[in-house]
Protein chains: 2
Amino acid sequence: MSQDILTKVSEHLVFGGKQIRYEHSSNTLNCKMQFSVFLPAEAETAKVPAVYWLSGLTCNDENFSSKAGAQRIAAELGIALIIPDTSPRGEGVADDENAAYDFGLGAGFYVNATQAPFAKNYQMYDYILNELPQLVEAQLPLSDKRAISGHSMGGHGALVIGLRNTERYSSISAFSPICNPINAAWGIKALTGFLGEDKQQWQQYDASLLLTEAKTLLPILVDQGTADNFFPDQLRTETLITAAKQHEQADIEIRYQEGYDHSYYFISSFIESHLRFHAKHLKT
Amino acid sequence: MSQDILTKVSEHLVFGGKQIRYEHSSNTLNCKMQFSVFLPAEAETAKVPAVYWLSGLTCNDENFSSKAGAQRIAAELGIALIIPDTSPRGEGVADDENAAYDFGLGAGFYVNATQAPFAKNYQMYDYILNELPQLVEAQLPLSDKRAISGHSMGGHGALVIGLRNTERYSSISAFSPICNPINAAWGIKALTGFLGEDKQQWQQYDASLLLTEAKTLLPILVDQGTADNFFPDQLRTETLITAAKQHEQADIEIRYQEGYDHSYYFISSFIESHLRFHAKHLKT
C-alpha cells in the first residue's frame, strides 16, 4: 500500500455530514495507521477548515468519534474534525515490556522518539504536524486552516505542537492536559523511554516551559475538571497557569470546571465551547 | 444484597447533571443487574419525569449512556434518563448454546420467557414495566411520568411495552425498531427460544399486530434510516406503517431518514427530536 493511498474502512452519516475511518501506510511511523475524519455537509461543495483532535492514553480515534458529541457542533459550524490514533500500531511496533497503559502502544506522547527500539516507529510529533495534514489536505476537501485540541496526553500534544508551530495553527485548546510532563510521573516515564536520560531533550515537549518562553502565541483555551483523579499530580495545571501569567496580553483562558472528572462525560459537556472558540479563529 | 438496595457503581458530572450507574439484585430476573441513570440538575430540588431507553442486541446500559449525546438535551429539558441492560446477566444465567449475538445474554428481547432454561431469568418485560420503575421511583427523585424509547430490539421493546400499557407511559418512540418480529429471522429465533413453538404466544410481542389491534393509543414517533443494513428484512418497517394507517387520527409519525444507518451515529443525530417529543407529552 502506497503512503499516498487512503483506504476507507467505514463511513456513517451523522448530523448531515460524514464520519469516515481511513487506513493508510505511514511513511513517518513505518506502519499502517487508522484515523477518523468528520466532514460537514459544506465539504461537498467547498474546502473547510479542520480541528485536529489528539486523544489521551489508551485511546484510539474511536473514543472521541463516538463519545464526545462533537459532530453536532462541527456540522453546524462547517468544520472538519481530524482524529488520529495515539501511537503507531501493529505487530512490528515496539511496546512497553510490561504492556503498560501509559507507555508504548496507545501512549505515543506525541514526541519524536530517539531511543531504540522506539525511534523506528514512535514519531508521532512529525506525523501529527506534517504527514497527516499533508495527506488529508491533498485528498480531502480541506483548506489549510487548522486548529488543534486534545485530551490529557492529547491535551499535552495539542499544546506542545501548537506552541511550537504557531504559523501552522490558528488556535489551541485542551481538556485536562498534562501541562508539565517533565515533573510528573506519566511524563517522566514516557520522556525517559522515548528520549533517554538527557533532560535537556525533554524540554521541547513541556507545555509549561514552552509557554513561559513563547515569543509568538496563539489563542489558547484549557478546561480542567476539579474532580479529575489525575489532578493535580499528573496534570500540574498550576504550572501552566503560572506560565500563562508571563503573557498577560495574550488570549489565554484556563478554566477550572467544578465537579467534572477526566472522562468523556466532561469532554462532551464542554466540547461545544471549544469548537466555537476554534471556529471564531479558523474563520477570521 | 436485598432487592431494594441500589449500589452506586460510578458517577460522573455531565452537562450539570449526574450520570450514575447502579447495581441491584433483581427479584424479577433472579440475578444482579446494572443500569444507568441520568439525573438533570432539577432533580436536586424536585421530582422529574423520565424517559426509559431500551438498547439493542449486544448492548448494555453503557452504549446509549456514552454514545447518544442524550444528556445535553435531557439536562436542558429537565428529564431523567433510565437506561437498563438488555438481558439478565451473570454466571447462573442461561445463554444461547452457541453464545450467538441475537439470543440469550445481551438479547433478552423484552419478553417474559416461558421455556426452560430461560424462564428462570429472562423476564425482561416485567422488569422494564414493573420492577425497575418501582425501584427507581421509590429511591430516586422521579415523578411517575414516564416515556419509553429504544433502538432496534429496544425499539421493539419500547413499542410493545408502551402499546400494551398505555396507562403507564405518556409517549413512545423508537429508532430502527424490529416492527414485526413474528415474521423476521431475529424475532422468530428469539420468540421460539423464549416462548416455544405456539405462535399464538408470540403475538403479544409483535408491535405491528399490537398497533393494528390497539384501542387506546399514545403518541408515537419512529425514525428509520434508509441505509440500515437490517432494513427492511429484519425490521419490517412497512408492516408498522400499514398498521399505523388503521389509526389515521392518532399522533403517529414514522419517518425515513435518507442515508442513515443502524449505528449510534444515527441515534445521536435524531435523539434531540425524540427527547423534545417526549418532553412535550411528559410535561402536559
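The two copies meet through the same surface, because 100% of the interface residues of chain A are also interface residues in chain B. The structure is a predicted model, in which local features need pLDDT of at least 70 and side-chain atom pairs count only at pLDDT 80 or more, whereas totals for chains, interfaces and linings use all residues. Residues are numbered from 1 along each chain as its sequence is written, chains are lettered from A in the order in which they are written, and side-chain values use heavy atoms, with hydrogens and water left out.

When superposed by least squares on the C-alpha atoms of residues with pLDDT of at least 70 in both copies, chain A can be laid on chain B with an RMSD of 0.0 Å by a turn of 180° and a shift of 0.0 Å along the axis. That is the relation of a two-fold axis, and in chain A the C-alpha nearest this axis belongs to A:Lys67, at 2.4 Å.

An unreviewed UniProt entry lists A:Ser152, A:Asp228 and A:His262 under "active site", an annotation that may be inferred rather than shown by experiment. Although spread over 111 residues of sequence, these positions cluster in space, with a largest C-alpha distance of 10.7 Å.

Leaving aside neighbours within four places in sequence, the contacts of A:Ser152 include A:Gly56, A:Trp186 and A:His262, contact meaning heavy atoms within 4.5 Å. A:Asp228 likewise counts as buried, at 3% relative accessibility, and, with the neighbours within four places in sequence left aside, A:Asp228 is in contact with residues including A:Ser176, A:Leu235 and A:His262.

Definitions and conventions:
Buried means under 20% relative accessible area, exposed over 50%, partly exposed in between (1.4 Å probe, protein chains only).
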